[in-house]
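Student: I've got a model open and I'd like to learn how to read it. Could you walk me through it?

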Amino acid sequence: MNLHTEQINPATIIMSISGRFDAHNVEKVKAVWANNTELTHIIIDLSGATFIDSLGLAGLVSGLKTTTQRKGRFAVCNPSESVRVILGLTGMNRAFQVYATPDKALEALNITRSASDEKPSEKTEKPEIPATSKTKPADVPPSPKPNKEL
């Protein structure tokens, strides 16, 4: 299983699951919301999931219970055909709000992306210059003051 998470705002996350969602990896998924008590809205994108077993279903129910206790919302998006069959056979398709896409779920749940997410930008980090034992802050000359006359 591959798990990709996208934090929409402090209270909302989209979790995209691909591959098998089963007993071997359900705890990894549940840990995302268990370890972040600020999350009240969880959207699970199952478009890439190839299989779900009873523990995967139980993990989804756990997410639903968690968001309900936190007075939030839980949604499932675009389950693959094999997952859709399992949801239908078990009746779980009636337990979850199911949407075509994560964006449709956000719209239906009236959740907006945070301002920083609306316009994707590349974040570049400045490389950290390692300190050496020979360099001390006192050895660094002060930076020159800008010349305002230019």
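Student: Let's start with one residue. Is S80 buried or exposed?

Tutor: A quick word on the source: this is a predicted model, where local features need pLDDT of at least 70 and side-chain atom pairs count only at pLDDT 80 or more, while totals for chains, interfaces and linings use all residues. Residues are numbered from 1 along each chain as its sequence is written, and side-chain values use heavy atoms, with hydrogens and water left out. Now, buried means under 20% relative accessible area, exposed over 50%, and partly exposed in between (1.4 Å probe, protein chains only). S80 has 14% relative accessibility, so it counts as buried.

Student: Where does S80 sit, and what is it in contact with?

Tutor: S80 is in the loop between strand 4 and helix 3 (81-90). Helices (H or I, at least four residues) and strands (E, at least two) are DSSP runs, numbered from the N terminus. Contact means heavy atoms within 4.5 Å. Setting aside neighbours within four places in sequence, S80 touches L46, S47 and A49.

Student: And what about K71, buried or exposed?

Tutor: K71 has 75% relative accessibility, so it counts as exposed. You'll find K71 in the loop between helix 2 (54-69) and strand 4. K71 and H41 are 30 residues apart in sequence, but 8.7 Å apart in space, C-alpha to C-alpha.

Student: Which pairs are parallel, and which are antiparallel?

Tutor: Strand 1 and strand 2 pair in the antiparallel sense over seven bridges, with H4 opposite S16 in strand 2. A hairpin through two residues joins strand 1 to strand 2. Strand 2 and strand 3 are parallel over nine bridges; there, F21 has I52 in strand 3 as its bridge partner. Strand 4 (residues 73-77) and strand 5 are also paired in the parallel sense, over three bridges, and V76 is bridged to V98 in strand 5.

Student: Now the helices. Which residues of helix 1 are buried?

Tutor: An α-helix has 3.6 residues a turn, so residues three or four places apart point the same way. In helix 1, V26, V29 and W33 are buried. They span an arc of only 70 degrees around the axis, which puts them on the same side of helix 1; that arc is taken from the directions from the helix axis to the C-beta atoms. The buried residues of helix 1 pack against strand 1, strand 2, strand 3 and helix 2.

Student: How do helix 1 and helix 2 meet?

Tutor: Axes are lines fitted to C-alpha atoms, for helices over the stretch in contact, and angles run from 0 to 180 degrees between N-to-C directions. The two axes, of helix 1 and helix 2, come within 9 Å and cross at roughly 10 degrees.

Technical notes
Two strands pair if DSSP finds at least two bridges between them.
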